[in-house]
Amino acid sequence: MVVKGRASRPSQPTLEEVAALAGVGRGTVSRVINNSPRVRDSTRQLVQDAIAELGYVPNRAARALAGSRTDAVALVIPETEKRFFAEPYFSDVLHGVGTGLADTEMQLLLTLVRNENERRRFLQYARAGRVDGVLLVSVHGDDPLPDLLAEMSLPTVLSGRRSADERVSYVDSDNVGGARSAVRHLADTGRRRIATVTGPLDMYVAQCRLGGYQEAVAASGGDPDPSWTAHGDFTEESGRRAMTELLTRHPDLDAVFAASDVMAAGALHSLRAAGRRVPEDVAVVGFDDSPIAGHTDPQLTSVRQPVEEMGQAMARVLLEGINNPGAPHQHAVLPTELVRRASS
């Protein structure tokens, strides 16, 4: 009796076989698999064709062990759930980052850091090598997290920046120029008593939007006196409260620039409650050009910042930092655009 042995399973294709078929070196195949930008498009296509023909599946565990890679990045937002879900800005950034990572093997981990304990736990998680890089959104000026991550040499990219001399990589929008264009538009349409509602001034983004307002008011011959400024925190309730304060101080105001659409929506509510017509009595301009701007009554004139594009750019900068350790920090500022609607 002849006992037939079990048929041997065909072996999985190797990295070396992919390299041989593509006519490139093993290192080039590895760079393509790791989505390194240091590969010509024509070479990348050869490698991808070879991978498809052979049915090669990268061994993620072996790659992670060899290169200390986890194929995961963290999107960290140091805000409460209430603000995260209330502001379209965050979902737009998240969508942009997701798009920027879609063609990679990276997993995106969303983390809210709401207090010191959560910051400490996230730092422990990062120090344990659980992520390859970090994207930080809505960072306040006194937040030590970017510097602590930099001390760990963990690739990090900020959405916005903490100050004019930010050293960590960031992607920002032209907040000064956007605010300036909003106020210039109000002045060009005949408004002379223009107030503003700021964001939290421990954030550089809010400082920049206030600075743009002040520059434009002064340039139009208006009064940049502090009494024409009320402080908010990017929430709708703060917009209502600040607008009520401004009406009390200056009942004759004829325009307001709010540093976010969410606060502008709150301002519209207070103006309506006070019997002021928009835009006949008071013109209103917001910032972000979020979906909220198209759903207010009247629809809101707003400064568009390309939030999804910013998210995509953040992902691209982070991937470059991960794939090229020691590369210089990158700083990008994207343009803004005034979108005119019925509120001004």
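Tutor: A crossing of two helices is left-handed if the near helix is turned anticlockwise from the far one by less than a right angle, and right-handed if clockwise. Helices here are DSSP runs of H or I with at least four residues, numbered from the N terminus. The model is predicted, so local features need pLDDT of at least 70 and side-chain atom pairs pLDDT 80 or more, while totals for chains, interfaces and linings use all residues. Residues are numbered from 1 along each chain as its sequence is written, and side-chain values use heavy atoms, leaving out hydrogens and water.

Student: Which hand does the crossing of H11 and H12 have?

Tutor: The crossing of H11 and H12 is right-handed.

Student: What is the angle between H11 and H12, and what is the relation of H11 to H12 called?

Tutor: Helix H11 (residues 236–249) packs against helix H12 (residues 261–273) at about 50°, the axes being 7 Å apart. Angles under 35 degrees are roughly parallel, over 145 roughly antiparallel, 65 to 115 roughly perpendicular, and the rest oblique. H11 is therefore oblique to H12.

Student: Which residues of H1 meet H3?

Tutor: Glu-17, Val-18, Leu-21 and Ala-22 of H1 meet residues of H3 including Leu-46, Val-47 and Leu-54. The contact of H1 with H3 has 8 nonpolar, no polar and 2 charged residues.

Student: How do you know that the buried residues of H1 line one face of the helix?

Tutor: The buried residues of H1 are Leu-15, Val-18, Ala-19 and Ala-22. Seen down the axis of H1, these residues fall within an arc of 100°, so they line one face. An α-helix has 3.6 residues a turn, so residues three or four places apart point the same way. The buried residues of H1 pack against helix H2 (26–33) and H3.

Student: What makes Ile-322 buried?

Tutor: Buried means under 20% relative accessible area. Ile-322, in helix H13 (residues 307–323), has a value of 9%, and is therefore buried. Ile-322 touches, among others, Arg-69, Met-106 and Pro-155.

Terms used. Axes fitted to C-alpha atoms, helices over the stretch in contact; angles between N-to-C directions. Helix = DSSP H or I, 4+ residues; strand = E, 2+ residues; numbered from the N terminus. Buried < 20%, exposed > 50% of the residue type's maximum accessible area, 1.4 Å probe, protein only. Contact = heavy atoms within 4.5 Å. Nonpolar A, V, L, I, M, F, W, Y, C, P; charged D, E, K, R; others polar. Arc of directions from axis to C-beta.
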